[in-house]
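Here's a quick tour of charged and aromatic side-chain contacts. Have the model open while you read.

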Amino acid sequence: MTTDTATDVFEEHRPVLLGVAYRMLGRLADAEDVVQEAWLRWSRADRAAVREPRGYLVRVTTRLAVDRLRQIKSRGEAYVGPWLPEPYATDFGDVVPDTAERAVLADSVSLAVLVVLESLSPLERAVFVLREAFGYPYTEIAAVLEREEAAVRQLAARARKHVDERRPRYDVDPVQRRDLTERFLAAAADGDLEGLMAVLAPDVRLVGDSGGKSRAPLRVLESSDKVARFLVGIAQKGVPDVGFRILELNGGPALLVLSEGKPDSVVQLDVADGRVQSVYIVRNPDKLRSLPAG
């Protein structure tokens, strides 16, 4: 296999590798570092002995991501305020036309699920990602992680139970989510308290991630009254030269707020029963660097 061919093969599988690494780490920069290291190992490998390049590359990427996750957890890094994953641009429409498969991929990369995955062990997280998001059979996951299949099944059951118990309930209907996102934007931008109360569930939660580098609540806000009044207060203070874009992030519609043409924050909603159940606001500037400017 020539260098050019090796590069072509790797680039063909890069989206899958980045998808695995991002779901494992919740941080785009870390995921890209892992994929780059996977490329270095691929470029040095005896590629003539590799029968199935995709399987080999997923195995290398997963192991590197497990190692990176262990390093992050062992450092025990303190984070100021609530933590949310870095927003990740997704567009499954062209490459994943099947509605059921698209829904699975969107769910596995949603902010709600990724927050829960943070509480899993690195091995549990790897098994969950490979099994639930990418449909790998247990035998292949066991080979990737160099574990017995019975142990992998136990990890999968434990991870699935943990995720099911802790993730918020929400609908993945893209039309309904987009409609509520647009109604939410209109009410929030106008500081319309009644309009916000009409779209927010009574027990809605607002989670703001600033990392201590911009203004956002340092605690989770709960109840429609508290969340609505907070959003009205933001609208009254105003954002310099504000602009808005709706784009697809983490498998669903999200609101990108621009200030003077630069990303200021990302707002994404969890929706169920026709109401907004959760509001996620990412304002940490380090997590907005990959997003398009206005």
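R125 is buried in this predicted model, with a relative accessible area of 0%. That arginine still finds a charged partner: the side chains of E118 and R125 meet in a salt bridge, 2.7 Å from N to O. Both belong to a network of salt bridges that also takes in R27, D30, D33 and R68.

The structure has 24 salt bridges. Here are some of them, side by side:

| Salt bridge | N to O distance |
|---|---|
| E118 and R125 | 2.7 Å |
| R14 and E11 | 2.9 Å |
| R205 and E222 | 3.8 Å |

R14 and E11 sit 3 residues apart in helix α1 (residues 3-25), so about one helical turn separates them. R14 is partly exposed at 29% relative accessible area, and E11 is partly exposed too, at 39%.

R205 and E222 form a salt bridge that links distant parts of the chain: R205 is in strand β1 (residues 200-209) and E222 in strand β2 (residues 221-222), 17 residues apart. R205 counts as partly exposed at 30% relative accessibility, as does E222 at 46%.

Now for the rings. There are 3 aromatic pairs. One of them, W42 with Y56, is tilted, with 5.7 Å between centres and 50 degrees between planes. That pair also bridges distant parts of the chain, with W42 in helix α2 (residues 28-44) and Y56 in helix α3 (residues 53-75), 14 residues apart. W42 and Y56 are both buried.

R47 lies over the face of W42, 5.9 Å from the ring centre, while R131 lies over the face of Y138 at 4.2 Å.

Terms used. Residues numbered from 1 in each chain as written. Predicted model: local features only at pLDDT ≥ 70, side-chain atom pairs only at ≥ 80, totals over all residues. Heavy atoms only, no water. Phe/Tyr/Trp six-rings, centres within 6.5 Å; stacked < 30°, edge-to-face > 60°. Helix = DSSP H or I, 4+ residues; strand = E, 2+ residues; numbered from the N terminus. Buried < 20%, exposed > 50% of the residue type's maximum accessible area, 1.4 Å probe, protein only. Lys NZ or Arg CZ within 6 Å of the ring centre and 35° of its normal. Salt bridge = Lys/Arg side-chain N within 4 Å of Asp/Glu carboxyl O.
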